Amino acid sequence: MAKAEILTIGTEILLGEIVDTNSRHIARALRDAGIDLFWTSTVGDNPERIAEAIRAGLDRSEIIITTGGLGPTVDDPTREAVAMAFGVKTVFKEELWQQVIDRFTRFGRTPTENNKRQAYIPEGASAIENPVGTAPAFMMETDTQVVISLPGVPVRWKTC
């Protein structure tokens, strides 16, 4: 059976400013899917340390799920860190930018130029549409492993 781990990303979680509810939600989903969860860890918003944590995870697990750090601001470095861990660059995806625009429109808002950051994913990654938020998710696969990067887990996902 595949070994999985969860990497929660955010300085505010690392410093105890907010509680990590994402790991609990993801851990239960993994359990319900019959996937063994062996590790959970938290790292602050530092691309080099996130990349290091991802590489360490790839040394011991087949499935790494990152959560957090996919927003539009410079302190949301997950996409860059995953790219760094795999030795690739991030690339802009017009279809993801359109998803961001559509989501903002649905919320009655207009995205800023800064929100374009959310349309970049690591080269070779597959995008995953976010049904409730503005930040698309993505996954990077090798022949035997996958890194799935999710935004924070909104409460509304429980009812979707």
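1. Contact here means that heavy atoms lie within 4.5 Å. With that term in hand, this note describes a predicted model.

2. Six strands form an open sheet with mixed pairing, in the order β2-β1-β3-β8-β7-β6. At its edges stand β2 and β6 (126-128), each of which pairs on one side only. On average, and with direction ignored, neighbouring strands of this sheet are turned by 20 degrees against each other. The helix α3 packs on the sheet and touches β1, β2, β3 and β8. The direction of α3 makes about 170 degrees with that of β1.

3. Strand pairing. Individual partners can be named: Thr8 has Thr42 of β2 as its bridge partner, while Ile6 stands opposite Ile65 in β3. By contrast, β7 and β8 run antiparallel and are joined by four bridges. Met140 is found opposite Val147 of β8.

4. Strand β1 and Glu5. Is β1 enclosed or open to the outside? Six of its seven residues are buried, so the strand is largely enclosed by the rest of the structure. Glu5 lies in this strand and is buried, with a relative accessible area of 2%. Which side chains make polar contacts with that of Glu5? One is the side chain of Arg60, at 2.9 Å; another is the side chain of Ser61, at 2.8 Å. Not counting residues up to four places away in sequence, Glu5 touches Leu37, Trp39, Gly57, Arg60, Ser61, Ile63, Ile64 and Ile65.

5. The buried side of α2. Helix α2 comprises residues 22-32, and its buried residues are Asn22, Ser23, Ile26 and Leu30. Why do they belong to the same side of α2? They cover an arc of only 85 degrees around the axis, and this places them on the same side of the helix. What covers these buried residues includes β1 (3-9), β2 (36-43), β3 (63-67) and β8 (146-150). The face of α2 turned away from the buried side carries the exposed residues Arg24, Arg31 and Asp32. After α2 comes Gly34, which has a positive phi, near 80 degrees.

6. Ser23 as an example. Ser23 is found in helix α2. Its relative accessibility is 12%; the cut-off for buried is under 20%, so Ser23 counts as buried. The side chain of Ser23 makes a polar contact of 2.8 Å with the side chain of Thr8. When neighbours within four places in sequence are left aside, Ser23 is in contact with Ile6 and Thr8.

7. The nonpolar cores. The largest nonpolar core has 23 residues, of which Leu7, Ile50, Ile54, Val82, Phe138 and Val147 touch the most other members. At least two residues of this core come from each of β1, α3 (47-58), α4 (78-86), α5 (94-106) and β7 (137-141). Apart from this core lies another, of ten residues, among them Ile6, Ile65, Ala137 and Val146.

8. Phe138. This residue of the largest nonpolar core deserves a separate look. With neighbours within four places in sequence left aside, the residues in contact with Phe138 are Leu70, Arg79, Val82, Ile121, Pro122, Ala125, Ser126, Ala127, Ile128, Val147, Ile148 and Ser149.

9. Two exposed glycines. Gly16 is found in the loop between α1 (11-14) and α2, and is exposed, with a relative accessible area of 58%. Gly87 is found in the loop between α4 and β4 (90-92). At 63% relative accessibility, where exposed means over 50%, Gly87 counts as exposed. How far apart in space are Gly16 and Gln145? They are separated by 31 Å, C-alpha to C-alpha, and by 129 residues in sequence. For Gly87 and Pro122, the separation is 35 residues in sequence and 9.3 Å in space, again C-alpha to C-alpha.

Notes:
Residues are numbered from 1 along each chain as its sequence is written. This is a predicted model: local features need pLDDT of at least 70, side-chain atom pairs count only at pLDDT 80 or more; totals for chains, interfaces and linings use all residues. Side-chain values use heavy atoms; hydrogens and water are left out. Buried means under 20% relative accessible area, exposed over 50%, partly exposed in between (1.4 Å probe, protein chains only). The arc is that of the directions from the helix axis to the C-beta atoms. A nonpolar core is a set of buried Ala, Val, Leu, Ile, Met, Phe, Trp, Tyr and Cys residues joined through side-chain atoms within 4.5 Å. Two strands pair if DSSP finds at least two bridges between them. Axes are lines fitted to C-alpha atoms, for helices over the stretch in contact, and angles run from 0 to 180 degrees between N-to-C directions. A polar contact is a pair of N or O atoms within 3.5 Å; within protein, one must be able to donate a hydrogen and the other to accept it, and residues adjacent in sequence count only if both atoms are side-chain atoms.
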